There are 2 protein chains.
Amino acid sequence: MAKQKPRTLSGFMELLPADQMKFERMAELLRRSYSLYGFTPLDTPIIEASEVLLAKAGGETEKQIYRFTKGDSDLSLRFDLTVPLAKYVALHYAELSFPFRRFQIGKVYRGERAQRGRFREFYQADIDVIGDGKLDIVNEAEIPAIIYHTFTALGLDNFQIRVNNRKVLNGFYAMLGLTDKAGDVMRTVDKLPKIGREKVRELLTGEDAALTENQADEILQFISITGCNKEVLNSLEEYRGRHELFDQGLDELSTVVKYLGDFGVPEEKFAVDLTIARGLDYYTGTVYETFMTDHPEIGSICSGGRYDNLAEYYTDKQLPGVGISIGLTRLFYVLEEQGYLNSALNTAPADVLILPMTGDLSPAIAFATRLRAAGIRAQLYTEPKKFKQKMAYADKLGVPFAAFLGEDEISQGKVSLKDMDSGEQKLLDPDTAAQAVLSALEEGRNAAPIREKK
Amino acid sequence: MAKQKPRTLSGFMELLPADQMKFERMAELLRRSYSLYGFTPLDTPIIEASEVLLAKAGGETEKQIYRFTKGDSDLSLRFDLTVPLAKYVALHYAELSFPFRRFQIGKVYRGERAQRGRFREFYQADIDVIGDGKLDIVNEAEIPAIIYHTFTALGLDNFQIRVNNRKVLNGFYAMLGLTDKAGDVMRTVDKLPKIGREKVRELLTGEDAALTENQADEILQFISITGCNKEVLNSLEEYRGRHELFDQGLDELSTVVKYLGDFGVPEEKFAVDLTIARGLDYYTGTVYETFMTDHPEIGSICSGGRYDNLAEYYTDKQLPGVGISIGLTRLFYVLEEQGYLNSALNTAPADVLILPMTGDLSPAIAFATRLRAAGIRAQLYTEPKKFKQKMAYADKLGVPFAAFLGEDEISQGKVSLKDMDSGEQKLLDPDTAAQAVLSALEEGRNAAPIREKK
C-alpha cells in the first residue's frame, strides 16, 4: 500500500512523552494554584460563530484568524480566551455570581508567520475576575500576587512583575495637552531602549509628532523616573494636583503596591515601571507585564490588566474586570530552550515496572493492584522478551523501580524490588515494597517543573 | 453601540460553573486512573494536514469532517484520537519505547446533524497500548479491567463490559463458507433485538443474502448462545476443530476472560456477548462495548478492541495494539439527564469565602494565605456591599464555609468561621479554623462524581 508521509503542521507543538509529562506538571500546578485562589475552571468551545467572535476584532486579528464555513455557518477558531469569556459572561449573566472568578487553560489559534518559537496553536492560561458594575481595587493587587505565587510554585525565581497604571499615563499626557497624541507618543517612547534618548527626542519634536521642546523634555523626564517602588511613587507625587485622572491613577497605583506587599510579594519581584503600557486599548487602569530577569530578550511571559467593559460588544451591562494571561506553550518552549526544565522531575509513565518471570501472572497482577491502591503508578510488562531487553525498556522509560516476580519470590510471597538509579535490589514483602517506593518517590513527585541554571 | 447577540454554537457543550466542576472532577479521575496503569499523557494538535488525517478515512467521516484552507494549506480538525495516535507513533517511532502506552483526553470534531444529545465538539478519553511487531494478549484483558476500575472510581455501578472476539465471529462464518458475506450477515443479525428472530431468518434466506436454511439455522443458534461466561465458553468449545481462526479466537477469548478475573473484575461486570462485533473493520481480535445496565437505550458508553495494524497508512512497521475510548461529553450529558451526577460533590469555586469587616485587609489576607498553604481554596470578598448581599453571594456560590474578620476577631487574633450548611458559627484561631475546614472537606472532596439513583 502507498504510504502517506506522517507529519505535524509547522507551528503546532507536539511533545515527546517525557516533555509532555513536564508540560502536564506545569499545567497541573497552574490549575492547582488558580483553584487555591477561588477561581472556577471554565471550558468554552474552540469554534465560535464568526460574527460573535469577531464582534470587536479587526486588523491583525482578522488576518491571523482561522475562519471557514461548514454548511451555512461562518465559523472561527478562538484566538484568545478573553473574547470567549466576554461572550460567556454576557450569555450566562443571569446564572453567574459576581464577582465571577474563572480560570481557563486552553488552546487558541493564530495563523502567524511560521518561525522558530512562534506557535499557531498554543495554550493560554488565563485568570480573570469580573465585577457587575463595580470591582474593588484589591483584585488588581491579588492578580499579580497569584502570578508571583504560581511562578514560585513552578520553580521560577528570576522573574519580575512590572506594574503600571494607564490612568497615570493618560493623565500625564493630558497634563501636557497631548491626549490625542498619547498613543503615538507612547509608541515612540517604546523605542527608547533601541534607539536612545536623543533619537526619541528628535522623533517627538519632528514633523510627525510635532511636540514642543518643553513637552519633549517633560516626557523624557517622566519616563526616566526609576528607582525602588517607593522612590518612583514619591517622584510621581510631585505631579499630583495637575490632572484628576493622573491623581486617580496614582492613588490606584499606590494602593496596588501597598496590597502587593500584604499579599506576600517581595519587593524585588514587582516594580512600578512607567514604560509598561500594554498595546490593547481596552485596558483602563492597572497593567502588568512579567519578565524573566535573566532573559529580557524573551519579552513578557505573563501580561494583563484592568478593563472597564469586558463585554460591551454583547451587552449593555457594565462588566469591569482584571485579568492576566500566561502564554503557556511559548513559556514552555523558552524554558526548554534555556535548559530550565527540571530534569529531576519523574517523567516516566510508571513508577514501577513489574516483570513477571513465570507463566502464571496472578501474583504480578496482585502486586500491581496493591501498588495502584497506594497511588503508585504500576505497569505490567508481559511481552515475551529476553531479560536484557526488558531491562533496556525499563531504562529507556526511565522508571525509578523495577519489580521481579520469579518462582523464588512467589514461593516466599515476596517481590524483588530494584532501584534503577542505584542498582540496589532487595527482596521485600509487597507492603514493604510499596512503602519503599512511596518514600523514594516523594521528592521526585513534588519536584518543581522549572529549575533555573545558577 | 449596536450589540452582537452572544450565543454558543449548537452541538457545542458549554457548561455553567458548577457543572463544569463536575466535568473536571470526572476528567481528573480519568487522568489519575489511567496514570496508575502506566499510561503516559499525550496531547496532539487539533488541526492536522488533511492529507495526513484523511489518509485512511472515507464515507461518513469525510462528510462530517471540519475541513478548510488557510493560505495554501488544506487543513482538518481531528475527528477522533486514534488517527492522530497512528500519525504520532509512525512519526516518532524511533523515539518511543514499545509497548507504548498512552492516554489522551481531548476534543474531537464531527459535523453531525444537530440534535439533542449529539455533539459536534466533544471529548474523547482514550487509552491504547501499541506493540512493535507483537503485543501480548494480557493487554486485551487489562484494558477492560482499567475501564472497570475507572468507572467504579467515578461512582458508576450499574454497567457491564461486553467482550467478544472478531476471530470467533469470522472463524464461525468461515466454517459456514460465508466469509465474503460475513459483514452483511452481521449487519442483519444486529437487527435481532428490533425485528425479532423470524424476520432475521427471512432476511438471511431472502434474495439479497441468499443463505441456505441450514446456514440460517446455524447462525441463529450461534447468536442465541447466552449464559454466564463459563457457559458461553463451553458452548463455543463445541465448535472447536472446525476452523483454525475460530479456535484461535476462542483461545484468546478464554484467556481474556481468565485474566479479567485475575485483574479483579467481578463476573457480573463483564460478559462474553457474541452479538458484539464493532463496525470498524480495523478491529481484528478482542472487541468491547460497555453498557449502562439500567439504560441500554443509551448504547455503548465505552468501546474499543484489538487491532493488528495501527499505522498502516503511514508506515510499513507492523504496530498491533489494543485500545478503548470513552465518549466523555456524551457520557456526561447522559449522566446529567439521568440525574446521576452526585450533588454531594463540592462544586463551589472556593472552600472558604473570607469576609473582611474592617478597612485594613492585612489580617484577612494573612488568613487567606494560611488557608491556601494548607491546600484550602480561599476567596477574599472585598466588594463594598451590605452584609446580606455578601451572604447571598456565599449562598449562591455554595461555598461550604464563610469566615468573618471584624474588629473583635482581629483584636483577639481569631476568625469567626461559619459552616454554611449547619449555620453554626465558631470563634477560632486561624490554625484551628484551617483544621476544621480540612476535616469537614475531606468527604465532599473525595466524593465520587456519579451517584446512581437506587
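Modeller: One term before we start: two residues are in contact if their C-beta atoms, placed from the backbone, lie within 7 Å. The model is predicted, so local features need pLDDT of at least 70 and side-chain atom pairs count only at pLDDT 80 or more, while totals for chains, interfaces and linings use all residues. Residues are numbered from 1 along each chain as its sequence is written, with chains lettered from A and ligands numbered from 1 in the order in which they are written.
Colleague: What share of contacts in chain A join residues at least 24 apart?
Modeller: 69%, among contacts between residues at least 6 apart in sequence.
Colleague: And how many residues of chain A are in contact with chain B?
Modeller: 75 residues of chain A, with 75 residues of chain B. Helix H1 of chain A, residues 17-36, gives the most to that side of chain A, six residues.
Colleague: Switching to chain B. Is Ile147(B) buried or exposed?
Modeller: Buried, because 25 other C-beta atoms are within 10 Å; the cut-off is 20 or more for buried, 12 or fewer for exposed, and partly exposed in between, with C-beta atoms placed from the backbone.
Colleague: Which helix is Ile147(B) in?
Modeller: Helix H5 of chain B, residues 138-154. Beyond four places in sequence, Ile147(B) is in contact with Ile161(B), Thr290(B), Cys302(B) and Ile324(B). Ile161(B) is 14 residues away in sequence and 8.5 Å away C-alpha to C-alpha.

Conventions. Helices (H or I, at least four residues) and strands (E, at least two) are DSSP runs, numbered from the N terminus.
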